[in-house]
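I opened the model and kept notes as I went. The entries run from the whole chain down to single residues.

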Amino acid sequence: MLRTVDEAYRRLGDLATWGYPYPVDEAGRQRRGSLQGPQYLRTMRHRARRAGVRILDHSPALELLTDPDGAVGGAAGQRRQDGGRRWTVRAGAVVLATGGCAFLSGALGLNVDTGDGHLMAAEVGAALSGMEFSAAYALAPAFGGQTKGLMMQFARYYDADGRELDVGDPLTGRDALARLAATGQPLYARLDRAPESLRAAARLAQPNYFLPLDKAGIDPFTTAYPVRFVLEGTVRGTGGLALAGDDCATGVPGLYAAGDVATREYVTGAISGGGSHNAAWAMASGTWAGAAAARHARRASRPAAPLRPAGRAGLRPTGGASRPAAEVVAAVQREVVPLDRNYFRTGPGLRRSLSTLDGLWRESAAGLSGAGPDALPARQAAALVAHARWMYAAALARAETRGLHRRDDQPQARPDGARRIRVGGLDQVWTAVPVGSGA
């Protein structure tokens with residue numbers, strides 16, 4: 001954690017040098033406590049282009065490429081704005097920075113986070129860790145996908161008849177609200193706990209939270225508005241690719257991971273990695289993974305060997321029938337989106353869902369594919385199936401309640417539970433507790 005904070009602190013200084021427009025206080029000092037996403041990405045893109053990096057917009061990667069020794073030597077994907085034309089890149093090393101997986105739940109900005117990078121890594125032998133800490137849900141306006149939770153600290157909650165609900169602390173009382181929502185009961189929130197002096201500042205700090213409410217003619221500080229639980233999975237959750245060292249190596253030669261695609265257990269433990277945790281981790285792990293990949297590429301200089309595409313499910317079916325990608329996605333969502341299956345877990349429920357998902361994986365591996373532009377949704381569907389199986393296999397292996405992982409049939413934390421659980425595999429999912437994985 002200290003190493004992550006130290007690295008992030010220095011990178012915030014780099015951003016200032018590169019021209020990021022930090023706000024300043026009355027004394028003219030920069031306030032570096034937060035970043036605005038669009039401007040942050042604009043600054044980073046400008047820096048990368050000035051360094052000579054070629055950026056392929058709207059060109060998702062679909063698979064990794066490996067050499068005869070199994071080392072990762074590149075990637076391939078498609079150009080969405082060019083009819084799905086294939087692109088191929090050879091590289092001395094590859095950094096996966098593909099984010100987590102939110103299962104196309106409709107959370108704002110997260111429909112690009114479908115777990116593709118995890119599937120690519122697993123296909124070349126990488127393992128995952130912390131996948132049981134994946135039941136991250138956020139409250140959003142019922143008519144939108146804005147899941148920023150900072151404002152909810154000022155909320156009171158009400159039922160459909162306007163009666164205030166007793167949920168205790170507005171942040172820690174989330175389980176009580178989820179219990180009600182799981183029964184189908186409508187929920188309403190009003191941010192009337194917010195002091196008058198903070199309301200204007202809140203609008204400036206998080207304008208995109210208020211925009212859909214303003215469009216609907218709702219002042220959330222004075223009017224109750226409907227809210228819903230939205231799955232954020234391993235984006236605001238914690239699980240991801242297991243790391244083999246402090247340089248963010250995955251254990252597969254030539255493959256590194258940065259940001260939400262990697263496990264964040266190192267900086268968040270079993271709790272949510274949202275907000276500052278994930279922002280600092282993204283900065284630090286990106287720095288470490290990029291530097292390590294560059295070192296590996298220099299060491300691994302060798303004659304160009306033929307590269308083999310590693311992609312399987314969704315790209316190269318083994319033979320058989322499969323339902324369309326959209327139906328596969330819907331089938332996965334039925335197992336992972338409902339609160340009574342994923343937020344409140346039980347052993348029997350996890351086993352039932354895993355049985356369904358295992359069958360869906362066999363079907364998808366056998367027949368799911370798409371040509372041209374249809375290759376991307378097929379690949380995303382396969383990644384969702386794989387991600388859900390790893391989540392639930394790890395959740396079944398952790399027979400306790402800890403952090404984001406809630407087991408209604410095992411409501412207490414176990415004394416020996418402060419340890420990591422690895423999970424991996426495609427056709428056959430496995431779990432294991434690595435030696436020395438204690439907290």
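How many helices and strands does the secondary structure of the protein come to? I get 13 helices and 14 strands. Helices (H or I, at least four residues) and strands (E, at least two) are DSSP runs, numbered from the N terminus.

Ground rules next. This is a predicted model, in which local features need pLDDT of at least 70, side-chain atom pairs count only at pLDDT 80 or more, and totals for chains, interfaces and linings use all residues. Residues are numbered from 1 along each chain as its sequence is written, and side-chain values use heavy atoms, with hydrogens and water left out.

**Overall form**

The C-alpha trace spans about 70 × 60 × 50 Å along its principal axes.

Buried residues make up 48% of the 439. Buried means under 20% relative accessible area, exposed over 50%, partly exposed in between (1.4 Å probe, protein chains only). The protein exposes about 20200 Å², and carbon and sulfur atoms supply 53% of that area. Accessible areas come from the Shrake-Rupley method with a 1.4 Å probe; for residues, only the protein chains shown count as cover.

Contacts next, meaning heavy atoms within 4.5 Å. Among contacts between residues at least 6 apart in sequence, 69% join residues at least 24 apart.

I then checked charges. Lys and Arg count as positive, Asp and Glu as negative; His and the chain ends are not counted. Each charge is placed at NZ of Lys, CZ of Arg, CG of Asp or CD of Glu. The mean positions of the 54 positive and 40 negative charges are 5 Å apart.

**Cysteines and phi**

How many disulfides does the count come to? Zero, by the rule applied. That rule asks for a pair of cysteine sulfur atoms within 2.5 Å. Cys101 is buried at 0% relative accessible area. Cys248 is also buried, at 1%.

Cys248 sits in the loop between β10 (240-241) and β11 (255-257). Its phi is near 70°, a positive value in a residue other than glycine. Phe103 has a positive phi too, about 60°, and is not a glycine. I note that most residues other than glycine have a negative phi. Phe103 lies in the loop between β4 (94-96) and α3. At 0% relative accessibility, Phe103 is buried.

Is Arg389 buried or exposed? Buried, at 3% relative accessibility. Arg389 belongs to helix α13 (residues 375-397). Not counting residues up to four places away in sequence, Arg389 touches Leu354, Leu357, Asp358, Trp361, Leu426, Asp427 and Val429.

Val124 is in the loop between α3 (116-123) and β5 (128-129). Its relative accessible area is 15%, so Val124 counts as buried. Beyond neighbours within four places in sequence, Val124 contacts Leu64, Thr66, Val72, Val252, Leu255 and Ala310. I also checked Val332: Val124 and Val332 are 208 residues apart in sequence and 24 Å apart in space, C-alpha to C-alpha.

Last, Gly168. Where is Gly168 placed? I find Gly168 in the loop between β7 (156-158) and α4 (174-182). Gly168 is partly exposed, at 49% relative accessible area. Gly168 and Arg156 are twelve residues apart in sequence and 9.8 Å apart in space, C-alpha to C-alpha.
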